[in-house]
Amino acid sequence: MKFIFVTLFPEQIEAAADHSMLKRAMDTGILQMECVNPRDFSLNRHHSVDDAPFGGGVGMVLKPEPVVEAIRVARAKAPGAPVIAMSPGGCTFKQLLAEEWAKNEKGLIFLCGHYEGFDERIYHWVDLKISIGDFVLTGGELPALMIMDAVSRFVPGVLGKLASAEEDSFSSGLLEYPQYTRPVVFEGMEVPEVLRSGNHKLIARWRRKQALKVTYLLRPDMLPEELDKQDKKLLEEIKDEV
Ligand SMILES: c1cc(-c2cnc[nH]2)ccn1
């Protein structure tokens, strides 16, 4: 899967992708990543890409010419890939989008802004605005990298054989059940007996109940509208226990 970043700070993007599973996936060719820098398409000898806002106000605005030219170059590198602008005013990114976008064989183009944002006319070349939350950052690179990370986990071969993004909490629609590993006792805290019982049916029931419990307590909005018979029973038990 190909990711193209339109960014004024390619070094930030390259450094972030130079670690762990993303690096291995890049080295094996499962993932490809490329940066296009609008500064390379600036129209003046100062290589400026921003200018003062019409109508006055603080800060600078990204000029349309160098950004749109960079988008055109990015589109040529990934024909048919959607152009996704990172913006606090965009649609909120969710796990379902990560799973969906991982199927996109044409790749993804991330538009990363800075300063006070983009000249509005740039959005004529943008397919979607995406936010990772209700806050403003110094730029769009970190959100784009987070989205690349979340999407990459669904690309076959990235996670390796022992893990599956489909098993993730948000993919199951609930928050994650608690995880434990050795030692059995740590600082007086013992791993739940059921997890050492070898009874896979009981373990699965315990994990589902824990996922329902943590979701019920922390993110009740994520609970399914319709619960099956087992989940209804588990939720009743949880309500009696809390
Ligand atoms: C996506 C982008 C941004 C952002 C882009 N530039 C400043 N903040 C914030 C949240 N989600």
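Here are some notes on the predicted model above, taken point by point.

1. Ground rules. Numbering starts from 1 along each chain as its sequence is written, and side-chain values use heavy atoms, with hydrogens and water left out. As this is a predicted model, local features need pLDDT of at least 70 and side-chain atom pairs count only at pLDDT 80 or more, while totals for chains, interfaces and linings use all residues.

2. Counting a residue as near if one of its heavy atoms lies within 4 Å of the molecule, the shell is made up of Met 86, Ser 87, Pro 88, Ile 130, Ser 131, Ile 132, Gly 133, Phe 135, Val 136, Leu 137, Gly 139 and Pro 143. On its own the ligand exposes 290 Å², and the protein buries 93% of that (areas by the Shrake-Rupley method with a 1.4 Å probe).

3. Eight residues are nonpolar, four are polar and none is charged. The classes here: Ala, Val, Leu, Ile, Met, Phe, Trp, Tyr, Cys and Pro are nonpolar, Asp, Glu, Lys and Arg are charged, and the others, Gly among them, are polar.

4. Backbone to ligand. Two polar contacts (N or O atom pairs within 3.5 Å) are worth a look. A backbone N or O atom of Leu 137 sits 2.9 Å from a ligand nitrogen, and one of Ile 132 sits 3.0 Å from a ligand nitrogen.

5. Where the shell comes from. β5 (83-92) and β7 (128-131) each supply at least two shell residues, with β5 giving the most, three. Strands are DSSP runs of E with at least two residues, helices are runs of H or I with at least four, and numbering goes from the N terminus.

6. The sheet. Five strands in the order β2-β1-β6-β5-β7 make an open, parallel sheet, where pairing takes at least two DSSP bridges. β2 (32-36) and β7 are the edges, each pairing on one side only. β5 and β6 (108-111) pair over three bridges, and Ala 85 stands opposite Leu 111 in β6.

7. A helix across it. α3 (64-77) lies across β1 (2-6), β2, β5 and β6, at about 170 degrees to β1. Contact means heavy atoms within 4.5 Å; axes are fitted to C-alpha atoms, for helices over the stretch in contact, with angles from 0 to 180 degrees between N-to-C directions.

8. Most residues other than glycine have a negative phi, and most peptide bonds are trans. His 47, in the loop between β2 and β3 (50-51), has a positive phi of about 55 degrees. Arg 182 and Pro 183 are joined by a cis peptide bond, with omega about 5 degrees; Pro 183 is in the loop between α6 (169-172) and β8 (185-186).

Technical notes: A polar contact is a pair of N or O atoms within 3.5 Å; within protein, one must be able to donate a hydrogen and the other to accept it, and residues adjacent in sequence count only if both atoms are side-chain atoms.
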